[in-house]
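Subject: Structure handover

Hello,

Here is the structure you are taking over. My notes on what was found in it follow below.

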Amino acid sequence: MGCKLKATVGIDDFEIYEREPEVGGTWYINNYPGCANDIPIIVYSFSFAQKDWGNSQWAPQPRIEGYIRDVVKDFNLSDHIHVKRTMLNANWNKEKEYWVVTIKNNETGEIFTRTSNILISAHGGLDVPRPIDTPGIETFKGDILRSQRYDQTVDLTGKNVVVIGNACTATQIIGEIAPKVKTLTQFARGKQWFLPKPVVHLGHPVVRWMLKYIPGLHTALRGLVFGVVDYFMKAMYVKNGEATRKKRMETSKRHVKNLAPAKYHDALIPDFQIGAKRRIFDEDYLKSLNYDHVDLIAERPARITENSVVRQDGTEVPADVIIYAIGFDTTTNKFLENFNNNGLNLRQHFANVGTGAYLGAAVAPLPNFFLLGTASPNCASGHNSVIFTSECTANFIIRVIKPIVYAKKGTVHVTKEAERKYQEWIREKHQEMIWETENVGSFYLDNNTGKNTALYPRSHTHYWWSTLIPKDSDFVYENVSKPWLLQFTSKKAMSAYGTALVAGTATWFLA
């Protein structure tokens, strides 16, 4: 967003407050062993800051975090970013048409306020770990590690390690640490679909030369890969994706049976359809299950003692270190309570009308307020790059707020009717998707309603098109002129275009 404000709007009058000690967001917080991207890395970058990632299309967490830092440096954002700052609350001042934001300096404890005409929350959704619910956790005398903010000073060499979890994070951890530990026991509380990690060779000298010296080739290749990845969205449709899902499930079953010991096949192969949960690209996990010192237990741990994890049958598994990789708390984020207008906060609004936002970005009760990135409901995907949708959302916000930014006055909010119709569309389209028709406990789903509040129920290309031009009738501006783009797409303007077209056509025929 900062890059867009500088390059597109041409302003420097903005501030970014970051809770963590460093920038990087998800890729700073999730620093566990083996952490890496699970989509081709060529599309995991901003269109305005494309990067040649080298020979491989898969990058570890440090490289991706480094890319984000490079973007900050290259676009001169450092002076705008204030790290170790926590936003405590934000209140809309209707008379003065700005937000009053209360912020805490995490180092000094100082609490101060800032005002802003526009407030954008990019607080993220993949940072708060799911609470540990295993009885006896407080009695354990060894090291307890979370995949989020992982303590890299703990040496696992020669230790008895227990990993609790079995989704992408857990499998990446296990594949990375298995060779160095004394014993490794995984408690897998569910099943996942494993696919062989696609091999993309970009290391041939001719390919490297072409990417370096042929203008536009990297962008064209990036677009091609994006199109291929976005095409696989079709597998998510309940009806139209059935054949594709069947092929991918057969591929997954063969992959598991070829690499994992036969005794684990029943514990690994799901009884639900692929797409209901995010698929996992496997590289080392299934192979690691062949080690004599690695064991897979397909159940929840019953409890924890001072030096062990207890199975459901009472058997104790020795443990020096327990690693919890059980996902994120995506539905009870108290941060939503911080945004207030006339006694109504964002959490209350979601409770009243359902968790959601117009195009993932705007909510009717909060003027001049927008959501961005994984903070945006129904903007992520299970198949493509969230950086792409974040950039689409940022572009959309820029188009809506430009007049207010330039004038430093005025308000804009999405109408209740537009917000309601959009949510009806989201709910209708989700009924066509595999992830909401099979109840498999995915983190995509709201714990209270069972509705998918994370994913966009269409392709990324569709989301790009939807955010390309804001609809005039969906927004209300006060004390400021509408953006020219909305003026040219208003019903009045469209009517004028139609009249001109009819008149022009008639004149041509009669001439």
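**Two backbone angles in loops**

N378 lies in the loop that runs between β19 (369-371) and α11 (386-407). Please keep in mind that this is a predicted model. The phi of N378 is near 55°, a positive value in a residue that is not glycine. Most residues other than glycine have a negative phi. N378 counts as buried because its relative accessibility is 1%, and the cut-off for buried is under 20%.

K408 also belongs on this list: its phi is positive, about 55°, and it is not a glycine. K408 sits in the loop between α11 and β20 (411-414). Is K408 buried or exposed? K408 is exposed, because its relative accessible area is 54% and exposed means over 50%.

**Domains**

The domain assignment of the protein chain gives two entries: domain 1 (1-19 + 84-127 + 332-504) and domain 2 (137-202 + 232-324). To the contact, domain 1 gives 19 residues and domain 2 gives 15 residues. The centres of domain 1 and domain 2, taken over C-alpha atoms, are 35 Å apart.

**S147 and its surroundings**

S147 is placed in the loop between β7 (143-146) and β8 (160-164). With a relative accessibility of 2%, S147 counts as buried. Which residues is S147 in contact with, leaving aside its neighbours within four places in sequence? They are I29, N30, N31, Y32, T169, I173, Y324 and A325. For one of these, I29, the C-alpha atom is 8.6 Å from that of S147, although 118 residues separate the two along the chain. The side chain of S147 also makes a polar contact, at 3.3 Å, with the side chain of Q148.

**Helix α4**

T169 and I173, both in contact with S147, are among the buried residues of α4. This helix covers residues 168-177 and is mostly covered, with eight of its ten residues buried. What covers the buried residues of α4 includes β8, β9 (183-187), β10 (194-196), β11 (280-282), α9 (285-288) and β16 (321-324).

**A nonpolar surface patch**

V206, W209, M210, Y213 and I214 make a nonpolar surface patch of about 490 Å². Y213 is found in helix α5 (residues 205-213). Y213 counts as partly exposed because its relative accessibility is 47%.

Regards

Notes. Residues are numbered from 1 along each chain as its sequence is written. This is a predicted model: local features need pLDDT of at least 70, side-chain atom pairs count only at pLDDT 80 or more; totals for chains, interfaces and linings use all residues. Side-chain values use heavy atoms; hydrogens and water are left out. Patches are made of residues with over 30% relative accessible area and no salt bridge: like charges are joined within 9 Å, nonpolar side chains (Val, Leu, Ile, Met, Phe, Trp, Tyr) within 5 Å. Accessible areas come from the Shrake-Rupley method with a 1.4 Å probe; for residues, only the protein chains shown count as cover. A salt bridge is a side-chain nitrogen of Lys or Arg within 4 Å of a carboxyl oxygen of Asp or Glu. Helices (H or I, at least four residues) and strands (E, at least two) are DSSP runs, numbered from the N terminus. Buried means under 20% relative accessible area, exposed over 50%, partly exposed in between (1.4 Å probe, protein chains only). Contact means heavy atoms within 4.5 Å. A polar contact is a pair of N or O atoms within 3.5 Å; within protein, one must be able to donate a hydrogen and the other to accept it, and residues adjacent in sequence count only if both atoms are side-chain atoms. Domain bounds come from an automatic or database domain assignment.
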